[in-house]
Amino acid sequence: MVAPHSTSWGAEKAMRTPNTYQKELAAKLGIDISRDSHRVATARIQEAVHPAISSKPEAPTVTPEQIHLAWKYRLHVDGDSRRVAAAKIQDRREQLSRKLVREMGLKPGDRMVFKIDLVNGIVDPKTICVVRRIGDNGVIYFQGRRRAWPDQLKKLSEEEDTQSERNSVLEYSYMDRSN
């Protein structure tokens with residue numbers, strides 16, 4: 001079993017492991033999914049059965065973007081298909097996002113700004129977004145139908161929030177206008 005993932009809203013969420021049907025099918029196909037998440041196991045099984053159920057050829061190798069993301073997230077994708085690499089990257093992104101949500105102490109009502117330079121952490125101070133909810137996958141949803149991963153955001157401190165209000169920064173929240 002994979003270690004549980006903590007979220008800022010108090011729930012412990014374990015990464016889903018392969019279900020009984022996946023384990024049985026993988027055994028029949030000769031695929032080892034014993035160390036895989038549910039998502040990665042799904043991708044491996046889809047890869048194995050793809051030639052039997054699709055007339056379209058499968059792109060066998062990972063993309064340069066996937067190689068970059070795998071390096072960034074310290075994942076091994078050598079020899080994996082695009083589908084399996086995508087599943088591994090998605091699992092890690094969600095895992096890291098849930099951890100960052102917890103570390104940032106995010107909760108509904110928090111005010112955030114977007115980082116416009118992710119490498120240097122430079123933010124766009126003109127657009128403040130209010131957290132509406134936090135998804136189980138770590139995605140932050142805002143009022144006004146926007147969403148972002150937590151590593152794309154900076155939480156405003158009380159001092160920064162007060163300063164932004166003094167400077168009459170327009171809050172991005174068209175859903176609040178209906179109230």
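The lining of the largest pocket in this predicted model comprises, by class, four nonpolar, three polar and five charged residues. The space within this pocket amounts to about 260 Å³. Of the 12 residues that line the pocket, those closest to its centre are Val-40, Leu-75, Lys-88, Asp-91 and Arg-92. Helix H4 supplies the largest share of the lining, with four residues.

Helix H4, which spans residues 82-104, also packs against helix H2, which spans residues 38-53; the axes of the two helices come within 8 Å and cross at roughly 170 degrees. Because angles over 145 degrees count as roughly antiparallel, H2 is therefore roughly antiparallel to H4. On the H2 side, the contact involves Arg-39, Val-40, Ala-43, Arg-44, Gln-46, Glu-47 and His-50. These residues meet Arg-83, Val-84, Ala-87, Lys-88, Gln-90, Asp-91 and Glu-94 of H4. By class, four nonpolar, three polar and seven charged residues make up the contact of H2 with H4. Val-40, Lys-88 and Asp-91 take part in this contact and are also among the residues closest to the centre of the largest pocket.

Local features were identified at both ends of helix H1, which covers residues 20-29. Just after H1, Gly-30 adopts a positive phi of about 75 degrees.

Notes: Residues are numbered from 1 along each chain as its sequence is written. This is a predicted model: local features need pLDDT of at least 70, side-chain atom pairs count only at pLDDT 80 or more; totals for chains, interfaces and linings use all residues. Side-chain values use heavy atoms; hydrogens and water are left out. Axes are lines fitted to C-alpha atoms, for helices over the stretch in contact, and angles run from 0 to 180 degrees between N-to-C directions. Angles under 35 degrees count as roughly parallel, over 145 as roughly antiparallel, 65 to 115 as roughly perpendicular and the rest as oblique. Contact means heavy atoms within 4.5 Å. Ala, Val, Leu, Ile, Met, Phe, Trp, Tyr, Cys and Pro count as nonpolar, Asp, Glu, Lys and Arg as charged, and the others, Gly among them, as polar. A polar contact is a pair of N or O atoms within 3.5 Å; within protein, one must be able to donate a hydrogen and the other to accept it, and residues adjacent in sequence count only if both atoms are side-chain atoms. On a 1 Å grid over the protein atoms alone, a cavity is a set of points where a 1.4 Å probe fits but cannot get out, and a pocket is an open set with protein on both sides within 12 Å along at least five of seven lines; lining residues have an atom within 4 Å of a point. Grid points are joined across faces, edges and corners, and a volume is the space filled by probe spheres set on the points.
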